[in-house]
Amino acid sequence: MTDTAPAIELKGISKAFGSVQANKDISIRVMPGTIHGIIGENGAGKSTLMSILYGFYKADRGEIFISGKKTEIPDSQAAIAAGIGMVFQHFKLVENFSVLENVILGVEEGMLLRPSLAKARKSLKSLAEEYELNVDPDALIKDLSVGHQQRVEILKALYRQAEILILDEPTGVLTPAEADHLFRILDNLRKEGKTIVLITHKLREVMEITDTVSVMRRGEMTATVKTADTDPEHLAEMMVGRKVLLRVDKKPATPGDVVLSVKELRVVDDSGVERVKGISFDIRKGEILGLAGVAGNGQSELMHLLGGIADGTGTITVNGAAIDLTGKQSDGQSRRARGIAHVPEDRQREGLIMDFAAWENLIFGYHRDPRWGAGPLMNNAAIITEAEAKMQRFDVRPPNPKQSAKNFSGGNQQKLVLAREIEQSPALFLVGQPTRGVDIGAIEFIHQEIIRLRDQGAAVLLVSVELEEILSMSDRIAVMFDGRIMGFRDPVATDEGELGLLMAGIDSQSADQSAGQAGATA
Amino acid sequence: MERMPVWADVVLIPLISLLLAAGLSALVILAIGESPVAAFQLMVDGALMRSAGWGYTLYYATNFMFTGLAVSVAFHARMFNIGGEGQAMLGGLGVALACLYIPWPHWSLAILGSAFGAALFGAAWALIPAWLQAKRGSHIVITTIMFNFIAAALLNYVLVNVLRPVGAMDPATAKFPEPTHLPTFRDMFSTAETILFRGAPANVSFFLALAACVLVWLLIWRTKLGYEIRAQGFSESGARYAGISPSRIIVISMLISGGLAGMMAVNSTQGEAERLILNMTEGAGFIGIAVALMGRNHPFGVFLAALLFGFLYQGGAELALWTNIPRELIVVIQALVILFTGALDNMVRMPLERIFLALRRKEA
């Protein structure tokens with residue numbers, strides 16, 4: 001093995017953006033037929049490094065060797081020619097095209113599409129068999145689940161003869177089952193001798209699938225180790241530069257009066273499908289109710305109804321007062337006036353206006369508050385001053401209130417949303433996927449802030465597809481499946497196995513009746 | 001982070017686009033056997049070198065400021081209001097009714113009344129497409145452009161059948177009464193010794209347009225409504241989350257937009273023609289789209305772009321007057337400017353961005 005040239009070798013790569021040193025003298029060797037993890041917090045320089053490898057940026061200094069040959073990669077065409085394929089965090093697919101059309105996009109041969117399509121269809125079929133990469137070649141991208149869309153991205157790279165595959169945060173958008181499937185695919189690719197670079201900040205994934213792992217911090221490569229020789233705690237420490245609590249540290253809850261009480265909630269979506277099918281539950285003061293479930297089982301619609309984004313039927317009371325579910329008084333601003341704060345699941349589409357500056361986002365939804373200006377006017381100076389303070393308190397980096405939201409990293413974007421909502425000291429705190437796409441240092445911080453809010457007496461509804469998060473944060477767990485609550489569990493008395501079954505629609509306490517139903521839906 | 005400096009984005013790109021348009025126009029003028037240098041001199045001479053020329057340039061610019069602002073406001077809410085032409089026609093009707101049927105004692109009151117009438121009528125004309133978009137999802141581009149035709153037909157009907165004085169031959173209203181006549185720049189700036197802006201139509205409504213620029217800036221960047229309009233423009237799902245009603249923003253932004261387009265009539269109908277005539281918009285509703293595009297939907301940009309198009313209009317008229325360059329060719333030149341500054345923006349932007357990137361790399 002030692003004689004073979006590394007698939008990728010980077011020597012002394014440096015890259016600066018203005019005064020920010022994004023990559024500092026980075027050297028790395030990735031052997032062929034291995035999976036190499038690159039971990040680091042958001043902004044540590046992982047994506048910059050991979051962008052250099054893929055030809056998006058040009059390194060200021062340093063050399064790239066592919067399979068032992070010095071290679072110049074001025075653009076992505078050159079990267080593809082060198083056998084490098086990249087799967088981005090945000091897919092680059094044409095929504096209205098079929099899978100086949102997307103796969104051949106840019107590598108069509110000749111004037112007519114048909115021969116190219118036929119060729120691609122054949123090669124897709126063999127790829128599917130070889131690697132468990134099954135996708136219907138004629139399905140439109142917009143009809144595919146996120147997991148399947150990702151497979152199309154991988155197929156695209158393989159169709160272009162990629163020997164080296166770079167995946168940027170591939171599991172950020174996947175359900176646990178989809179992530180497991182992805183890892184099986186990656187494992188198959190490794191067995192076929194492909195080289196895979198996995199950029200992630202999820203320690204569990206690194207431990208599960210990689211052979212070697214490099215840790216980046218503040219633009220530097222702090223360590224490269226064999227995965228077998230390390231453990232999550234050690235990796236986390238190298239990433240963040242200090243000891244990190246991987247378990248959430250919290251006192252037992254002291255639930256008080258009922259804050260939120262919902263009965264028989266139903267939501268019908270735009271296409272007429274009932275997505276929430278009669279849900280009832282209570283949340284007390286100082287309590288976190290964790291709502292577990294595979295994405296797409298009605299959690300989003302429930303959150304939208306509670307947050308005043310979607311209409312629905314049923315009754316909602318907050319501190320005993322009924323809340324309108326339709327009509328003028330059912331919008332987000334009316335909800336906020338009733339002490340309901342909402343951190344939406346999709347921060348980029350809902351929680352933030354990506355083109356707004358941080359200071360504008362820090363009052364988003366509360367902008368009518370007289371604190372931010374008399375009458376119709378906005379007091380921008382006062383808002384900016386307050387924004388600076390909030391960004392300081394929530395350690396948003398960089399602490400520049402005039403930077404656009406889109407130029408912050410995922411974790412810092414989430415901190416902006418949390419800073420805005422938590423600072424309202426809400427009676428009821430709705431929070432969806434609080435740590436999706438957020439790095440480990442920020443996860444710890446976000447969890448602590450939510451616990452702190454609970455301890456101050458807020459009722460918290462936590463929706464997450466991360467079972468670990470649900471188990472460690474919640475005081476009570478409800479599992480949602482197909483628009484209904486399958487059951488409530490005590491986090492101390494349950495485990496991932498039981499919750500996983502509930503998430504699949506199987507109630508182990510009454511397994512006999514529901515077994516048939518689960519078989520039909522699995 | 002890898003971006004051009006702001007000055008390049010705001011100044012350099014439009015400048016290069018303009019030069020390209022000018023270069024191509026020069027070729028066209030050469031092709032018909034005229035001298036582009038002489039033609040350009042004539043344009044500058046006629047539009048900028050004499051106060052009377054400025055009087056025309058600023059008159060046109062006033063129209064374009066109103067219609068440009070109209071397009072900009074709607075665009076901040078991601079509404080593409082193509083209906084400035086029709087809204088301005090209705091604005092003209094509002095001005096005519098205010099001037100003809102209310103006995104104003106003085107122009108200063110009349111301009112307030114007519115501006116209100118113009119805005120009201122223009123806004124009302126924009127309300128229908130806005131409502132259709134908000135409640136029925138009918139695309140605003142289609143409906144507003146259709147409403148231009150309806151407005152033209154309506155104006156025709158009203159002028160021929162309702163407002164035409166008995167016995168008059170042309171489809172126009174009677175002359176507005178004396179007290180509604182707005183002071184022209186000549187009235188305002190001439191002294192006993194020197195007469196300035198002789199015969200030029202620029203009038204006090206230029207300052208109304210300037211005020212509108214400032215007010216639109218305030219609205220968009222300093223009010224809660226402007227904040228909501230921009231939020232809705234950037235992300236409708238975000239707006240919904242924040243409790244901003246998309247249909248409310250659609251309607252309000254279109255009302256403001258229609259009102260601004262309508263107010264153009266204060267300048268052209270009350271200030272210049274002093275009666276309502278058929279072709280009162282002179283195409284300014286459409287030029288407003290180009291003005292807004294070139295001005296990057298910022299009121300100051302709109303102001304500068306309106307001046308530029310005012311210059312092109314007036315300079316073009318001079319060309320038609322003094323050379324053999326036909327009137328149609330002037331439209332070609334104006335179209336080239338619109339094409340390069342508006343539609344082909346990326347053609348200049350992308351190479352320029354690359355140059356700046358390369359420069360930065362060298363520095364580093």
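This is a predicted model: local features need pLDDT of at least 70, side-chain atom pairs count only at pLDDT 80 or more; totals for chains, interfaces and linings use all residues.
Local features need pLDDT of at least 70 and side-chain atom pairs count only at pLDDT 80 or more, while totals for chains, interfaces and linings use all residues. Residues are numbered from 1 along each chain as its sequence is written, chains are lettered from A in the order in which they are written, and side-chain values use heavy atoms, with hydrogens and water left out.

**View 1. Here is where chain B meets chain A.** On the chain B side, 23 residues are in contact with 34 residues of chain A (contact means heavy atoms within 4.5 Å). Together the two chains bury about 2,600 Å², and carbon and sulfur atoms give 56% of that (buried area is the accessible area, 1.4 Å probe, that two parts lose on being put together, summed over both). K224(B), Y227(B) and Y241(B) supply 36% of the area that chain B buries against chain A, more than any other three residues.

**View 2. R368(A) and E228(B) pair up in a salt bridge.** Their side chains sit 3.0 Å apart, N to O (a salt bridge is a side-chain nitrogen of Lys or Arg within 4 Å of a carboxyl oxygen of Asp or Glu).

**View 3. T195(A) is a buried residue.** T195(A) counts as buried because its relative accessibility is 2% (buried means under 20% relative accessible area, exposed over 50%, partly exposed in between, with a 1.4 Å probe and protein chains only). Leaving out residues up to four places away in sequence, T195(A) touches several others, including A7(A), V30(A), G33(A) and L165(A). The backbone nitrogen of G33(A) lies 3.4 Å from a polar atom of the T195(A) side chain.

Conventions
A polar contact is a pair of N or O atoms within 3.5 Å; within protein, one must be able to donate a hydrogen and the other to accept it, and residues adjacent in sequence count only if both atoms are side-chain atoms.
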